[in-house]
Amino acid sequence: MTKQDSDLVKDLRAQAAKAREESATFDALFSSLGEGLIAINEKGHVTRVNQAALDMLGYTESELLGEWYPEKVVMVNEDNSVVETIDRPVTQVFMTGKAISVSKYYRRKDGEKFPVFMTVSPILLRNKPIGAIEVFRDISDDIEADKMKTEFISIASHQLRTPLSAVNTYSLMLENGYAGELNEQQSTFLAVIIAATDRMNRLISTLLNITRIEAGNISVESSPIDLSILVRSIASEFEPQINQKLSLKTKIEDKIPEVNTDKLIVREIISNLVSNAIKYTPEGGLIEMSLYTDRKSIIFQVRDTGYGIPEGSKDQIFSKFYRASNAVKQEVSGTGLGLYMVKVLAEKVDGDTWFESQEGKGSSFYFSISKKGISGKSGAFKLENSRIKRRD
Ligand code: ADP
């Protein structure tokens, strides 16, 4: 062997040793990860699986390796119905070449289902998926913690409501002269108390609605609704509030078709959007409510000439508890729950909601529902109207 040959052999040996070490490091990483990991080839067969995945699913490695993954590891929906292969995240990843994250349920070998959050990513070779890797974790504890939080809010809200209704009733009795004539200062103080209890009542309704919606047990009704009547009624409900500081226009297209939907939910959505337009528009501004149709939908729009939404806040405006800095700076009271609820409720009636806004100029919020309407869904609770004042 020449010196050149022996150098080459040495070099190859060193490279092989390095590759072995890298592979061992990768193996150690793969198996020691706390998250479940499953690698799948382009035919959908399992090529690798780590211990965490085996522990969660209840299989041994040899029971999974080489198996056709969608059949062996059964994915189910909340109601225990099996997710079809075509709807499995891994299939979607193969079709689109893009990673996706979803929450679903897996069925253990013993048949028990458990909730998982998973991210499935394609393994790409020259831009073509040659396999996929799935990382998942059991989210039972997260769901349990969320449930407890929801229960806590629900109990706290109920407990608050009882003493509050006593404050409400007795304030109204005072206002109506049951305890004698009030002097001017007493009336002013009482008006502040009544306004504050109204606000608190609305907040409690919102919290209760959110906990019920999140628990998934709100009923959705379907009956024929004339949205033009509904919008007119909401406009007149807000009129006293608007007239004190703003002007109001309503533009309702002729012959808006009746639609089968849930009146309470739609009213809650529209009222929230209108209430925001009023809240976030300074004195002298304009609020314009419109109702019109396009080919498939009926669209409600509320336009205001208010503070608008800063560019950097636009992505988060529908998130729970989010409030834009300009709204906070103006000292307009709020919780950041209204739009979150609007978004979730819009989904309940197969609707959509979006907005356009320019800071300092104003905003337009939209809510659309399909002319086709919805079919109802039973649930343990009805939505509470959180916008109408209790004493109305
Ligand atoms: P809240 O009004 O209780 O703060 P919402 O969830 O209804 O909560 O709204 C979230 C945020 O979106 C508000 O705090 C405000 O920053 C912004 N926003 C909503 N509607 C408007 C509007 N019409 N004009 C300007 N900002 C708005």
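In what follows, Ala, Val, Leu, Ile, Met, Phe, Trp, Tyr, Cys and Pro count as nonpolar, Asp, Glu, Lys and Arg as charged, and the others, Gly among them, as polar. The model is predicted: local features need pLDDT of at least 70, side-chain atom pairs count only at pLDDT 80 or more, and totals for chains, interfaces and linings use all residues. Residues are numbered from 1 along each chain as its sequence is written, and side-chain values use heavy atoms, with hydrogens and water left out.

**Domains**

- The chain is divided into domain 1 (33-138), domain 2 (142-214) and domain 3 (223-370), with bounds that come from an automatic or database domain assignment.
- The centres of domain 1 and domain 2, taken over C-alpha atoms, are 48 Å apart.

**The second largest pocket**

- A pocket is found on a 1 Å grid over the protein atoms alone, as an open set of points where a 1.4 Å probe fits, with protein on both sides within 12 Å along at least five of seven lines; lining residues have an atom within 4 Å of a point.
- The second largest pocket has a volume of about 870 Å³, a volume being the space filled by probe spheres set on the points, which are joined across faces, edges and corners.
- Its lining holds 24 residues, and Glu78, Ile143, Lys147, Glu214 and Ala215 lie nearest the centre of the pocket.
- Strand 4 (100-107), strand 5 (113-125), helix 6 (140-175) and helix 7 (184-214) are the elements that give two or more residues to this lining; helices (H or I, at least four residues) and strands (E, at least two) are DSSP runs, numbered from the N terminus.
- Helix 6 supplies the largest share of the lining, nine residues.
- By class, the lining residues are eight nonpolar, eight polar and eight charged.
- The second largest pocket lies between domain 1 (33-138) and domain 2 (142-214), because both give residues to its lining.

- Buried means under 20% relative accessible area, exposed over 50%, and partly exposed in between (1.4 Å probe, protein chains only).
- In helix 11 (residues 338-348) the buried residues are Gly338, Leu339, Tyr340, Met341, Val342, Leu345 and Ala346.
- The cover over these buried residues of helix 11 includes helix 7, helix 9 (263-279), strand 12 (352-358) and strand 13 (362-370), where contact means heavy atoms within 4.5 Å.
- Methionine 341 lies in helix 11 and is buried, with a relative accessible area of 0%.
- The C-alpha atoms of methionine 341 and phenylalanine 381 are separated by 16 Å, and the two residues are 40 residues apart along the chain.
- Aspartate 350 follows helix 11 and has a positive phi, near 55 degrees.

**Buried asparagines**

- Asparagine 326 lies in helix 10 (residues 325-329) and counts as buried, at 11% relative accessibility.
- The side chain of asparagine 326 reaches the backbone oxygen of glycine 308 at 2.7 Å.
- Asparagine 326 is in contact with Tyr307, Gly308, Pro310 and Glu359, leaving aside its neighbours within four places in sequence.
- Asparagine 272 is in helix 9 and counts as buried, at 1% relative accessibility.
- Asparagine 272 and tyrosine 170 are 102 residues apart along the chain, with 28 Å between their C-alpha atoms.

**Residues in loops**

- Asparagine 80 is in the loop between strand 3 (75-76) and helix 5 (89-96) and counts as partly exposed, at 38% relative accessibility.
- Phi of asparagine 80 is near 75 degrees, a positive value in a residue other than glycine.
- Lysine 255 is in the loop between strand 8 (247-252) and strand 9 (259-261) and is exposed, with a relative accessible area of 80%.
- Phi of lysine 255 is also positive, near 55 degrees, in a residue other than glycine.
- The C-alpha atoms of lysine 255 and tyrosine 292, 37 residues apart along the chain, are separated by 9.4 Å.
- Tyrosine 178 is in the loop between helix 6 and helix 7 and counts as exposed, at 63% relative accessibility.
- From tyrosine 178 to glutamate 22 the separation is 156 residues in sequence and 85 Å in space, C-alpha to C-alpha.

Note on methods:
A polar contact is a pair of N or O atoms within 3.5 Å; within protein, one must be able to donate a hydrogen and the other to accept it, and residues adjacent in sequence count only if both atoms are side-chain atoms.
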